[in-house]
Amino acid sequence: MNILVIGGTNFIGRALVQTLIKGGHETAILHRKPSHDFGRKVANLQADRNDPAALRALLSGKSYDAVFDLAYDWERGTPAQAVQALAHLLTGNCGRYVFMSSVAATRSFSRG
């Protein structure tokens, strides 16, 4: 399968990417950094999930069997609108879109 992991360099995302690699899946990571330490077997897509124009330009013409959205912006938060906008952007170009919340998301909502 061709899979995109949004936020695949830390925590649960890192473990997921390692599992996908072992399973032989074509895997890409979307994150803000210019590189990751998985090597060439994992594609690196650099963009800020809170920048809709950058995401649109980067993901235009790409399709995935599954997208796992695990990213959280610790500096600015990740509002529901950002998750919805990214999911909408991938509509028609993605078999399954899985958003997995974390303690980080719970923390941001509890701050008011």
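These legends accompany several close-up views of a predicted model.

**Figure 1. The whole chain, element by element.** Start here to get your bearings in this predicted structure. The protein contains four helices and five strands. Reading from the N terminus, the elements follow the order β-α-β-β-α-β-α-β-α. Of its 112 residues, 38% count as buried.

**Figure 2. The five-stranded sheet.** Here the strands line up in the order β3-β2-β1-β4-β5, forming an open sheet with parallel pairing. At the edges sit β3 (42–46) and β5 (94–99), each of which pairs on one side only. From one strand to the next, the twist averages 20°. As a reminder for reading this view, strands of a sheet pair through backbone hydrogen bonds, either parallel or antiparallel.

**Figure 3. Two strand pairs up close.** Let us begin with β1 and β2, which run parallel and are joined by five bridges. Within this pair, look for L4, which stands opposite A28 in β2. Strand β2 itself is mostly covered, with five of its six residues buried. Now move to β4 (residues 64–69), which pairs with β5 in the parallel sense, again over five bridges. Which residue of β5 is the bridge partner of D69? The partner is F99.

Figure 4. Helix α1 covers residues 11–22, and its 12 residues reach 17 Å from the first C-alpha to the last, close to the 16 Å expected at 1.5 Å a residue. Its buried residues are G13, L16, V17 and L20. Seen down the axis of α1, these buried residues fall within an arc of 100°, so they line one face of the helix. A handy rule goes with this view: an α-helix has 3.6 residues a turn, so residues three or four places apart point the same way. What do the buried residues of α1 pack against? They meet β1, β2 (26–31), β3 and β4. On the other side of the helix, F11, T19 and K22 are exposed. Just after α1 comes G24, with a positive phi of about 80°.

**Figure 5. A closer look at L20.** This residue lies in helix α1. Is L20 buried or exposed? L20 counts as buried because its relative accessibility is 8%, and the cut-off for buried is under 20%. Leaving out residues up to four places away in sequence, L20 touches I3, V5, H25 and T27. One of these contacts, I3, is 17 residues away along the chain, yet the C-alpha atoms of L20 and I3 are separated by 8.3 Å.

**Figure 6. Helix α3 on the sheet.** Helix α3 (residues 80–90) packs on the sheet, where it touches β1 (2–6), β4 and β5, and its direction makes about 170° with that of β5. A82, V83, L86 and L90 are buried in this helix. Seen down the axis of α3, the buried residues fall within an arc of 100°, so they line one face. Their packing partners are β1, α2 (52–59), β4 and β5. After α3 comes G92, whose phi is positive, near 90°.

Figure 7. In soluble globular proteins, nonpolar side chains tend to be buried together. In this model, the largest nonpolar core has 15 residues, and those with the most contacts inside it are L4, I6, L30, L45, L59, Y64 and V67. The elements β1, β2, α2, β4 and α3 each give two or more residues to this core. Which element gives the most? Helix α2 does, with three residues. Follow Y64 to see how this region comes together: leaving aside neighbours within four places in sequence, Y64 is in contact with N2, I3, L4, A28, L45, L59, N93, C94 and G95. A second, separate core has 10 residues, including I3, F38, A66 and L70.

Technical notes. Residues numbered from 1 in each chain as written. Predicted model: local features only at pLDDT ≥ 70, side-chain atom pairs only at ≥ 80, totals over all residues. Heavy atoms only, no water. Pairing = 2+ DSSP bridges. Axes fitted to C-alpha atoms, helices over the stretch in contact; angles between N-to-C directions. Contact = heavy atoms within 4.5 Å. Buried < 20%, exposed > 50% of the residue type's maximum accessible area, 1.4 Å probe, protein only. Arc of directions from axis to C-beta. Expected span 1.5 Å × (residues − 1). Core = buried A, V, L, I, M, F, W, Y, C linked by side-chain atoms within 4.5 Å.
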